[in-house]
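Subject: Handover of a structure

Hello,

I am passing this structure on to you. Please have it open while you read the notes below.

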Amino acid sequence: MRITALAGGVGGARFVRGLRHHLDTTGHRDAEITVIANTGDDITLFGLRVCPDLDTLLYTLGGGIDESQGWGRADESHAVQGELAAYGALPQWFALGDRDFGTHIVRSQWLGQGLSLSQVTERLAQRWQLPERGIRLLPMTDTPVETHVVVDDGEGGERAIHFQEWWVRHQASLPATRFVVAGLDAAGPAPGVLDAIRQADVVVLPPSNPVVSIGIVLGVPGVRDALRGTTAPVVGVSPLISGRPVRGHADACLAAIGVPSTAEAVGGLYEDFLDAWLVDPADAGTRLARARVEAFDGPLLMSDVEATAGIAAHLLRLAEPARA
Ligand code: GDP
Ligand code: CA
């Protein structure tokens, strides 16, 4: 079985880890998971290319994640960041640990030698033994793209700031009027991305942020058409429960694009290709015009790997009637 997932960082990574666990414990070790990761969050800091969602996926799926934060490396220290601060180097609002720096340094070195982001990601994934675990990690595109957030400049005008500045520095508290993804129109899907969607047996949408994670992947030219055209069922998990994101600021992102913060409205963003939508029991009243909606038989919370595996199992069952 070939499963393809579109993913952001923490929500995507935790879901794919649970999906892998479900497959491994139910006799489907040979099932292959391809993850197509958002790269709109990427940023260059201190001359280094940082890819937050790819890194969260690498560390979570490779067993190196800081579990309580959900991002960054376990057993982390911050000596380098302390040195940078002592020099007054900016910005200081983006946390980068010493172990994490290793990833950004080697990625930047390889990119500088002319490797594509896909090639670099493949090398990084080898260190984390993702291929051995039956997981292929692809960036959505090899073109550098960056999500920017248009906010009020306080003087009656507008200014655009990098997504990370809005999300991390301002905790999404500055009202956003829209998102602009620099480079996206001209970005091609990375090698293997469209084939992974077209040739999958099932395509899954983890409960990733619908606007700045999944929404950005869907904006890569060709991706949305591939989802509409694939013969594979496309099934998804709601990132919202009772109108609120489980973590992060998806509600602020949805407000910026004028979409209500509900499981129904988020499912509606995918209506042109979605076959089934898994929601929390609290959202059992959700109705979509085309996709089948089902409520999970417990809280839709990825509280640990076992609980997440249960969510993944339910999602794959939803794909079955569509496949038959
Ligand atoms: P990010 O790039 O690190 O922000 O991660 P993603 O975009 O992949 O996922 C963020 C989304 O995951 C948020 O909108 C959360 O509401 C959602 N999320 C996180 N944990 C859970 C969970 O346990 N259950 C559900 N249903 N959604 C979750
Ligand atoms: Ca992200």
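Start with Ala-172. It sits in the loop between α6 (163-169) and β8 (176-182). Helices (H or I, at least four residues) and strands (E, at least two) are DSSP runs, numbered from the N terminus.

Before going on, some ground rules. This is a predicted model, in which local features need pLDDT of at least 70 and side-chain atom pairs count only at pLDDT 80 or more, while totals for chains, interfaces and linings use all residues. Residues are numbered from 1 along each chain as its sequence is written, chains are lettered from A and ligands numbered from 1 in the order in which they are written, and side-chain values use heavy atoms, leaving out hydrogens and water.

Most residues other than glycine have a negative phi, and most peptide bonds are trans. Ala-172 is not a glycine, yet its phi is positive, at about 55°. Is Ala-172 buried or exposed? Ala-172 counts as buried because its relative accessibility is 10%. (Buried means under 20% relative accessible area, exposed over 50%, and partly exposed in between, with a 1.4 Å probe and protein chains only.)

Asp-75 also has a positive phi of about 55° without being a glycine. Its place is the loop between α2 and α3. Asp-75 has 67% relative accessibility, so it counts as exposed.

The peptide bond from Leu-90 to Pro-91 is cis, with omega near 0°. Pro-91 belongs to the loop between α3 (79-86) and α4 (98-112).

**The sheet**

Seven strands form an open sheet: 7 strands with parallel pairing, in the order β5-β2-β1-β9-β10-β13-β14. The edges are β5 (135-139) and β14 (292-295), each pairing on one side only. From one strand to the next, the twist averages 20°. Strands pair if DSSP finds at least two bridges between them.

Look at the β5 end. Strand β2 (residues 32-37) runs parallel to β5, and 5 bridges join them. Which residue in β5 is the bridge partner of Val-35? It is Leu-137.

**Helix α2**

Helix α2 lies across β1 (2-7), β2 and β5. It runs at about 170° to β5. (Axes are lines fitted to C-alpha atoms, for helices over the stretch in contact; angles run from 0 to 180 degrees between N-to-C directions.)

Thr-56 lies in α2 (residues 52-62). Thr-56 counts as buried because its relative accessibility is 7%. Leaving aside residues up to four places away in sequence, Thr-56 touches Gly-9, Val-10, Ala-13, Ile-65, Gly-70 and Trp-71. Contact means heavy atoms within 4.5 Å. Just after α2 comes Gly-63, with a positive phi of about 85°.

**Ligand 1**

How many residues surround ligand 1? There are 19, and the closest are Pro-207, Ser-208, Ser-213, Pro-239 and Met-302. A residue counts as near if one of its heavy atoms lies within 4 Å. Helix α1 (residues 10-24) gives the largest share of this shell, 3 residues.

- Ser-213: a side-chain N or O atom is 2.6 Å from an oxygen atom of ligand 1.
- Gly-12: a backbone N or O atom lies 2.8 Å from an oxygen atom of the ligand.
- Arg-247: a backbone N or O atom lies 3.5 Å from an oxygen atom of the ligand.

Taken alone, ligand 1 exposes 590 Å², and the protein buries 91% of that. Accessible areas come from the Shrake-Rupley method with a 1.4 Å probe; for residues, only the protein chains shown count as cover.

A polar contact is a pair of N or O atoms within 3.5 Å; within protein, one must be able to donate a hydrogen and the other to accept it, and residues adjacent in sequence count only if both atoms are side-chain atoms.

**Strand β6**

Thr-147 lies in β6 (residues 146-152). At 0% relative accessibility, Thr-147 counts as buried. Its contacts beyond four places in sequence include Gly-40, Asp-41, Phe-179 and Ile-216.

Asp-152 is also found in β6. Its side chain reaches the backbone nitrogen of Gly-154 at 2.9 Å. Beyond four places in sequence, Asp-152 touches Gly-157, Arg-159 and Pro-175. Asp-152 and Thr-177 are 25 residues apart in sequence, and 7.8 Å apart in space from C-alpha to C-alpha.

Best wishes
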